[in-house]
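Subject: Two-chain model, handed over

Hello,

Here is the structure you were waiting for. Please open it before reading on.

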Amino acid sequence: MLSVRNLTCSRGGLPVLEGLSLSLAAGQALVLRGPNGSGKTTLLRTIAGLQPADAGEIVHDEDTLAYAGHLDGVKAVLSVAENLTFWAGLHGQGSIAAAVADFDLAGLEDRAAQHLSAGQRRRLGLARLAVTGRPLWVLDEPTVSLDTASVARFAAAVGGHLRGGGAVLVATHVDLGFDAETLDVTRFRARSLPAHFGEAF
Amino acid sequence: MRRLFLRDLTLAIRAGGGFGLSLAFFLIVAVLVPFGVGSDTALLRDIAPGVLWVAALLACLLSLDRIFALDHEDGSLELLATAPLPLEGAVAAKAMAHWVTTGLPLAVAAPLLGVLLNLAPQAFGWLFLSLMIGTPALSLIGAFGGALTVGLRRGGLLLSLLVLPLYIPTLIFGAEVVRRGAAAEPVASVLSLLAAVTLGSAAILPFAAAAVLRVNLK
């Protein structure tokens with residue numbers, strides 16, 4: 001479903017990871033580990049296509065990837081249902097009922113997102129993944145501001161997604177409680193700066 | 001594209017969306033000018049086309065930084081970039097929504113304000129028409145400027161500096177349409193130039209803005 005070969009990616013002009021390869025099949029989850037600043041976010045953004053790779057290749061089928069970053073993309077003045085319906089419609093999907101149930105948002109549908117708690121807001125942001133209908137989830141620290149029960153619920157939702165033939169690539173510091181392989185990105189920390197670095201400036 | 005357009009309209013109309021802000025600004029500028037210039041009705045009649053067009057242009061400028069900055073702040077822009085809708089389409093939808101919430105109300109309100117500035121009666125129709133044709137270019141150019149400044153903190157001022165020079169052709173042709181209309185001269189050539197600026201902007205700027213957004217999202 002996702003195949004990354006010999007990838008080099010950089011942030012702010014400095015390479016942070018190099019020679020990184022990974023692959024992900026349907027039904028598989030991969031957890032990225034590494035201390036702050038080790039390049040997890042950069043890697044995920046590169047895979048999501050938000051920034052170009054310096055070298056190497058990223059292969060996945062078109063329109064299969066759903067990305068969730070540090071920000072939720074939630075509109076404060078729209079209600080929970082309006083937020084989800086927008087993203088569902090944009091991805092050509094219809095119903096938001098399953099996502100509302102999976103992420104424990106029932107009863108909050110008509111509430112404006114600005115009146116949600118941080119955790120509820122985060123759940124709304126994650127529920128967006130489910131309404132995109134896309135199989136490959138690329139998640140950056142999805143459990144920030146979630147309580148223990150919500151983390152468990154999120155893990156259950158991810159489990160359901162995996163059983164349904166989806167795949168999940170996630171960067172996290174906490175134990176999410178579902179079966180997943182682990183990849184420590186510090187092994188791929190970039191050692192070399194490009195030869196021309198420092199000349200142009 | 002329709003969904004993004006409708007969402008932006010909803011956001012503009014909801015609390016804090018800024019709908020009506022541009023219109024109120026337009027109204028106030030048009031009301032202030034006679035106070036500043038004096039009650040010389042002949043003078044007001046002469047400057048009315050230019051004043052109304054400059055006021056409309058500045059009113060349009062007020063809400064430009066909302067086109068992309070808000071979506072960038074809450075992360076929606078990144079998610080839009082990974083959505084099936086091409087970024088070019090997203091830019092076009094957002095520029096269109098901006099026009100419907102600013103340019104269109106300005107065009108509708110302008111003839112009323114023409115009364116305050118003693119605009120020649122035969123020019124009212126041309127004022128409405130020139131604003132209807134010209135203001136979409138203001139939204140499109142503004143969307144391009146908004147895309148350029150999207151990652152910057154307090155990019156609003158820079159946005160104004162970038163965008164205002166690009167507004168000059170629309171301003172010249174738009175005000176000229178109204179002036180010729182008031183003087184009962186033929187307007188077809190100027191009107192077609194005004195339309196050409198808008199159509200050219202619509203053809204090129206969504207692509208330019210999308211390219212700039214991709215760079216700025218990195």
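Below is what I found, taken chain by chain and then across both chains.

One caution to begin with: this is a predicted model.

**Chain A overall**

Chain A has five helices and eight strands. From the N terminus, their order is β-β-β-α-β-β-α-α-α-β-α-β-β. Of the 201 residues, 41% count as buried. Take the contacts in chain A with a separation of 6 or more: 75% of them come from residues 24 or more positions apart.

**The sheet in chain A**

Strand E1 of chain A covers residues 2-11, and strand E2 covers residues 14-24. The two run antiparallel and are joined by seven bridges. To find your way in the viewer, go to Val4(A): its bridge partner in E2(A) is Leu22(A). E1(A) and E2(A) form a hairpin, with two residues between them. Gly12(A) sits in that turn and has a positive phi of about 60°.

E1(A) also pairs with E4(A). Those two strands run antiparallel as well, with five bridges between them. Here Arg5(A) is the residue to look for, as it stands opposite Glu57(A) in E4(A).

Together these make an open sheet of three strands, in the order E2-E1-E4 of chain A, with antiparallel pairing. E2 and E4 of chain A are at the edges with a single partner strand each, so one side of each has no neighbour in the sheet. On average, neighbouring strands of this sheet are turned by 30° against each other, direction ignored.

**Helix H1 of chain A**

What lies across this sheet? H1(A) lies across E1, E2 and E4 of chain A, and runs at about 120° to E1(A). The helix covers residues 40-47. Seven of its eight residues are buried, so H1(A) is largely enclosed by the rest of the structure. The buried ones are Lys40(A), Thr42(A), Leu43(A), Leu44(A), Arg45(A), Thr46(A) and Ile47(A). Note that Lys40(A) and Arg45(A) are on that list.

Which elements cover those residues? The cover includes E1 and E2 of chain A, along with strands E3 (29-33), E4 (55-60), E6 (136-140) and E7 (167-171). After the helix comes Gly49(A), with a positive phi near 85°.

**Chain B overall**

Chain B has ten helices and zero strands. Its pattern along the sequence is α-α-α-α-α-α-α-α-α-α. The radius of gyration is 18 Å, close to the 17 Å of the globule rule for 218 residues, so chain B is as compact as a globular protein of that length. The C-alpha trace spans about 55 × 35 × 30 Å along its principal axes. Of the 218 residues, 50% count as buried. Among contacts between residues at least 6 apart in sequence, 81% join residues at least 24 apart.

**Where the chains meet**

How many residues of each chain are in contact with the other? 20 residues of chain A are in contact with 20 residues of chain B. On the chain A side, strand E5 (65-68) and helix H2 (80-90) each supply at least two residues. H2(A) gives the largest share, three residues. By class, this side of chain A has ten nonpolar, seven polar and three charged residues.

**The nonpolar core**

In soluble globular proteins, nonpolar side chains tend to be buried together. Here the largest nonpolar core has 126 residues. The members that touch the most other members are Ala127(A), Val138(A), Leu52(B), Ala56(B) and Ala147(B). Helix H6 of chain B, residues 87-116, supplies the largest share of this core, 14 residues.

Leaving aside residues up to four places away in sequence, Val138(A) touches Leu44(A), Ile47(A), Ala48(A), Leu65(A), Tyr67(A) and Leu169(A). Two of these, Leu44(A) and Ile47(A), are also among the buried residues of H1(A).

Best wishes

Note on methods
Residues numbered from 1 in each chain as written. Chains lettered and ligands numbered in written order. Predicted model: local features only at pLDDT ≥ 70, side-chain atom pairs only at ≥ 80, totals over all residues. Contact = placed C-beta atoms within 7 Å. Helix = DSSP H or I, 4+ residues; strand = E, 2+ residues; numbered from the N terminus. Nonpolar A, V, L, I, M, F, W, Y, C, P; charged D, E, K, R; others polar. Pairing = 2+ DSSP bridges. Buried ≥ 20, exposed ≤ 12 C-beta atoms within 10 Å, placed from the backbone. Core = buried A, V, L, I, M, F, W, Y, C linked by C-beta atoms within 7 Å. Rg over C-alpha atoms; globule rule 2.2 N^0.38 Å. Axes fitted to C-alpha atoms, helices over the stretch in contact; angles between N-to-C directions.
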